[in-house]
Amino acid sequence: MHSKCQINSALTSFHTALELATDQREIQHVCLYEIGWCSMIEMNFKDAFESFERLKNESRWSQCYYAYLTAVCQGATGDVNGAQNVFKEVQKLFKRKNNQIEQFSVKKADRFRKQMPTKELCVLASIEVLYLWKALPNCSLSNLQHMSQACQDVDDSSAVGLRNLLLGAIHKCLGNSEDAVQFFQRAAKDELCRQNNLYVQPYACYELGCLLLDNPETVPRGKTLLLQAKEEFSGYDFENRLHVRIHAALASLREVVPQ
């Protein structure tokens with residue numbers, strides 16, 4: 001787990017490397033990505049926005065994904081008008097139709113093309129990206145507490161399931177297993193996960209299952225939830241990614257409890 005000082009020293013190193021790599025575009029882009037990512041972890045949305053915006057304009061790798069991150073971070077700074085303009089660009093930059101990350105970016109941005117984003121929903125979207133890319137364990141305790149508060153500030157009915165999933169993940173990182181279980185249970189039951197949050201229920205079942213595997217008494221229930229996450233849901237974002245995680249959790253269980 002990165003501590004606050006490690007993230008800060010990483011940021012310093014990447015900023016230095018960025019300055020030194022004036023004529024090495026690829027190295028600059030790696031540095032910009034890391035600066036954007038570390039800044040998001042630190043909830044410093046202004047720096048994250050500036051890095052991702054440069055990547056959106058300069059990089060040829062995935063402008064669609066960078067546009068989505070740009071819009072999310074711009075909205076999280078409070079500039080929701082600017083963010084909406086960038087959300088509208090995401091669809092136009094969608095090139096790789098089979099790429100999961102781009103599909104996710106387009107689906108998520110689509111909502112804010114039609115309706116003005118709010119600062120709260122953009123902060124929630126940034127925490128969502130950190131969760132899906134498994135970066136929450138790298139966040140400092142104080143940032144996790146800020147994120148928990150930010151999730152609680154969201155009162156949008158369409159985001160309830162996602163908010164509960166993220167609160168569960170944050171409490172898990174904070175070591176509050178009982179709270180985490182409650183939030184994951186709520187997310188797993190949320191039938192309102194509209195089409196752009198279809199992954200919330202299977203991911204919540206998986207998270208809940210993994211937490212229950214930690215206690216010998218609840219192992220059978222945990223295993224049932226993992227199988228449910230695997231078998232009862234399909235057609236959601238990052239489905240194969242979750243299947244890999246479920247498979248690993250079940251395999252580790254077999255090692256502990258010989259069948």
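Entry one, the helix pair. I am working from a predicted model. I checked how helix H9 (residues 160–174) sits against helix H11 (residues 200–213): they pack at an angle of about 25°, with their axes 10 Å apart. Angles under 35 degrees count as roughly parallel, so I wrote down H9 as roughly parallel to H11. I also looked up the handedness, and H9 passes H11 in a left-handed crossing.

Next I listed who makes the contact. From H9 I got Gly161, Leu162, Leu165 and Lys172. From H11 I got Val200, Tyr203, Ala204, Glu207 and Leu211. By residue type, the contact of H9 with H11 divides into six nonpolar, one polar and two charged.

Entry two, the largest pocket. I noted a volume of about 210 Å³ for the largest pocket. Which helices each supply at least two residues of its lining? I found helix H7 (119–132), H9 and H11. H9 gives the most to the lining, with three residues.

I then wrote out the lining of the largest pocket: Leu130, Tyr131, Lys134, Ala135, Leu136, Pro137, Ala169, Lys172, Cys173, Tyr206, Glu207 and Arg245. I sorted these lining residues by type and got eight nonpolar, no polar and four charged.

Note on methods
Residues are numbered from 1 along each chain as its sequence is written. This is a predicted model: local features need pLDDT of at least 70, side-chain atom pairs count only at pLDDT 80 or more; totals for chains, interfaces and linings use all residues. Side-chain values use heavy atoms; hydrogens and water are left out. Axes are lines fitted to C-alpha atoms, for helices over the stretch in contact, and angles run from 0 to 180 degrees between N-to-C directions. Helices (H or I, at least four residues) and strands (E, at least two) are DSSP runs, numbered from the N terminus. Angles under 35 degrees count as roughly parallel, over 145 as roughly antiparallel, 65 to 115 as roughly perpendicular and the rest as oblique. A crossing is left-handed if the near helix is turned anticlockwise from the far one by less than a right angle, and right-handed if clockwise. Contact means heavy atoms within 4.5 Å. Ala, Val, Leu, Ile, Met, Phe, Trp, Tyr, Cys and Pro count as nonpolar, Asp, Glu, Lys and Arg as charged, and the others, Gly among them, as polar. On a 1 Å grid over the protein atoms alone, a cavity is a set of points where a 1.4 Å probe fits but cannot get out, and a pocket is an open set with protein on both sides within 12 Å along at least five of seven lines; lining residues have an atom within 4 Å of a point. Grid points are joined across faces, edges and corners, and a volume is the space filled by probe spheres set on the points.
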